[in-house]
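Dear colleague,

Please find below the structure that I am handing over to you. I would be grateful if you would look through it together with the notes that come after it.

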Amino acid sequence: MALTDPSKRLEAIPPYMFAELERKVAAKRADGIDVISLGIGDPDHPTYPHVVEAMRAAVADPGTHNYPSNRGRAEFREAFAGFYGRRFGVEIDPETEVIPAIGAKECIYNLCFAFLDPGDAALASDPGYPVYTGGPTLAGAEAVVLPLVPELGFAPDLDAIDAADLERARLIFLNYPNNPTGAIAPEGLFERVIELAREHQILVVHDNAYSETTYDGYVAPSFLATPGAKEVGVEVFSLSKGYNMTGWRCAAILGNADAVSTYWRLKTNIDSGLFEAVQLAGAAALNGPQKPVEEMNAIYARRRDLVVGALRDIGVEVAVPKGTIYVWAPVPEGHTSTSFAELVLEDAAVVISPGSMYGPSGEGFFRISLTTPDERISEAVERLREHLA
């Protein structure tokens, strides 16, 4: 074995998918090609001014300069408790049912180390955020994919889960509104998941990254608002997308007090918590005006309609999403996810994400992100019409 050979568990997972997208874009641009990337979902508008101002004040306060507590500042925990009460009708105990996370990705990853042992399994939405499958693998456990069935509204068929996998499972990862499909939670799904979790002693982890990014009058619920949810589950709420705060790495885990405590116990051994100035900025986002979120959603809705119209013009049958910052669509007949993404890149100099990057059930689809400035979205749309119609 060579000095710098990676561990077997690291070798077991593919390179992070967006790194490959970035490489392809860089290579094209180096050749002088004007590439428009609709691949990565990173908001193109700045963080809202009142959040930035709160951060400025907090950074200037010497009281934020020391090690933070992993439990989080009282202002942060109370802001989340208040927000969940107002927004979702969910009562959260700020002392025991919420602590900060350094972004949803960190939280989901570390939940795997907090709850999984070798031989255990995590049930992971497929297609889904890659950490749902990479986290269990790196923790020495196994990820068992739960195909999201288009005919079920991109929900998993819970009755189709293998009995042996259910017995090994300790975690189940869900995410609605859903990345990458844009689907919203079908009626009754959360109730059925709670029954399953209770019967098989599986901790539900609901990744609530997109609840504030919705359209056409749809208001996304919290999983924790479902009766019995806190008995079997936690929710990870991220400020990244709804508040244009991807770089801030500001999130929280909420819900079952024992599960939150176990996650906290792990974190006390591996990191020193979320910078307190970021916590105070996060509190300002939750406590402050929500009008900017509505305005951002109006921008995304306009872009969504542009993209959907262009795809339909070139013969792609695409559903109009009610949530997230993505459009998920089937590839044209005769293509795989990868071959269609390569065709679009070569012919139109537009980057889209092949659905297969999000798991086996993503094959046959592609994802377009709406986080590109309006004029570039419009140009990308015209290129698609010109080159692919």
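This is a predicted model: local features need pLDDT of at least 70, side-chain atom pairs count only at pLDDT 80 or more; totals for chains, interfaces and linings use all residues.

The secondary structure of the protein consists of 14 helices and 13 strands. Along the principal axes, the C-alpha trace spans about 55 × 55 × 50 Å. The radius of gyration is 21 Å, which agrees with the value near 21 Å that a compact globule of 389 residues would have. Of the 389 residues, 55% are buried. Among contacts with a separation of 6 or more, 76% are between residues 24 or more positions apart.

As to the cysteines, the count of disulfides is 0, with a cut-off of 2.5 Å between sulfur atoms. For C112, the closest cysteine sulfur belongs to C107 and lies 9.9 Å away, which is too far for a bond. C250 is likewise in no disulfide, its nearest cysteine sulfur being that of C107 at 12 Å. C112 counts as buried because its relative accessibility is 0%, below the 20% limit. C250 also has a relative accessibility of 0% and therefore counts as buried.

With kind regards

Note on methods: Residues are numbered from 1 along each chain as its sequence is written. Side-chain values use heavy atoms; hydrogens and water are left out. Helices (H or I, at least four residues) and strands (E, at least two) are DSSP runs, numbered from the N terminus. The radius of gyration is taken over C-alpha atoms; the globule rule is 2.2 Å times the number of residues to the power 0.38. Buried means under 20% relative accessible area, exposed over 50%, partly exposed in between (1.4 Å probe, protein chains only). Contact means heavy atoms within 4.5 Å.
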